[in-house]
Amino acid sequence: MMRWATEDWHTAGEPFRIVLDVPTRGASVAERRVEAMSGSADSVRRFLCLEPRGHDDMYGGFVTPPDDDGADFGVLFWHKDGFSTACGHGTMALGAWAVRSGRVQAPDDGEAIVTIDVPSGRVQARVQRRGGRTTGVVFRNVPSRVLATGIRLATSRGEVDVDLVFGGAVYATLPAAALGLEVTPAHTTELIRLGREVKWALDDHPDAKLADDRLSGVYGTILVDDLGRTSEGPWQRNVTVFADGEVDRSPCGSGTAARVALLAHTGALSDDEVLTHDSIIGTRFHGRVADRGAGGVIPEITGQAYRVGACEFELDPDDPLAAGFSLR
């Protein structure tokens, strides 16, 4: 009987299931992702992600070797539809997990840097500690940049202007008000429908094609409410509808990085300001421009991850639902 041990965390409400000892092949995490999409790891993904062991909004990652000695480990991020190129909330959870598990040593007071290779590049989770407890995790992302602004798109709720931004994955982003919606739980069903509509309409857009084709295509749609400003900078609420209709319960780590890049591009977020970024359930990340370079801005996103528990899943050879199922 086959068994997989997992450790479940959540970051601002978004789940992250950490899995060790799933064989993957490739010289880099990016190569491992491509192989996993059609290899045996995909069967494990389905088994652990979909019902009856998971659900349509489950998220997780397979811990892998790093690309080289410059990182502590690598990870293949996954969701119900496959393997993603980036995941900020997962990076935060992995940072907190690496410290708690002793994989990366950390002081009782101060900061530990956990370096992780992901399909979009090398990222960091700076785990902040006080009195032997983790008090926050800062996700330092890959360079993020605006790909296109003001793309006119016809939707079932009229014409809208959409921006495309790279934050480790390509996101389409627009105000929820442009579709006659607000980012609230009461509008979840319609936000999902419109998020999917926008994603698939722009998935093959020329500006969503990147030099590394493994990163091409629109990963998700970010719908935003403008809540004004705090004393530190802009304040917004968003929901990210990613993959094929999954709803990020957190403010979305890589999505927040994309919003930081866009707001910095438009001048709405200066280098000395902080974006307060709320989720559809009211949880919060803070984002800022940590640095600038030829490849775009380097966003840093601060949040917190919490351990939910551990489990050992087993596959009964007679189980007809070994591959799992989805109702979405």
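With a relative accessibility of 7%, D57 counts as buried, where buried means under 20% relative accessible area, exposed over 50%, and partly exposed in between (1.4 Å probe, protein chains only). The model is a predicted one, in which local features need pLDDT of at least 70, side-chain atom pairs count only at pLDDT 80 or more, and totals for chains, interfaces and linings use all residues. Residues are numbered from 1 along each chain as its sequence is written, and side-chain values use heavy atoms, leaving out hydrogens and water.

Side chains of opposite charge can pair when their charged atoms come close. The structure holds 28 salt bridges, each being a side-chain nitrogen of Lys or Arg within 4 Å of a carboxyl oxygen of Asp or Glu. D57 takes part in one of them, with R328 as its partner and 3.0 Å between the closest N and O atoms. This pair links distant parts of the chain, 271 residues apart: D57 lies in the loop between α2 (40-49) and β3 (60-64), and R328 in the segment after β18 (305-315). Helices (H or I, at least four residues) and strands (E, at least two) are DSSP runs, numbered from the N terminus.

R126 is buried at 16%, whereas E111 is partly exposed at 38%.

D204 and K209 form a further salt bridge, with their closest N and O atoms 3.6 Å apart. D204 is exposed at 60%, and K209 is partly exposed at 43%. Elsewhere, salt bridges with shared partners join E111, R126, R140, R288 and E300 into one network.
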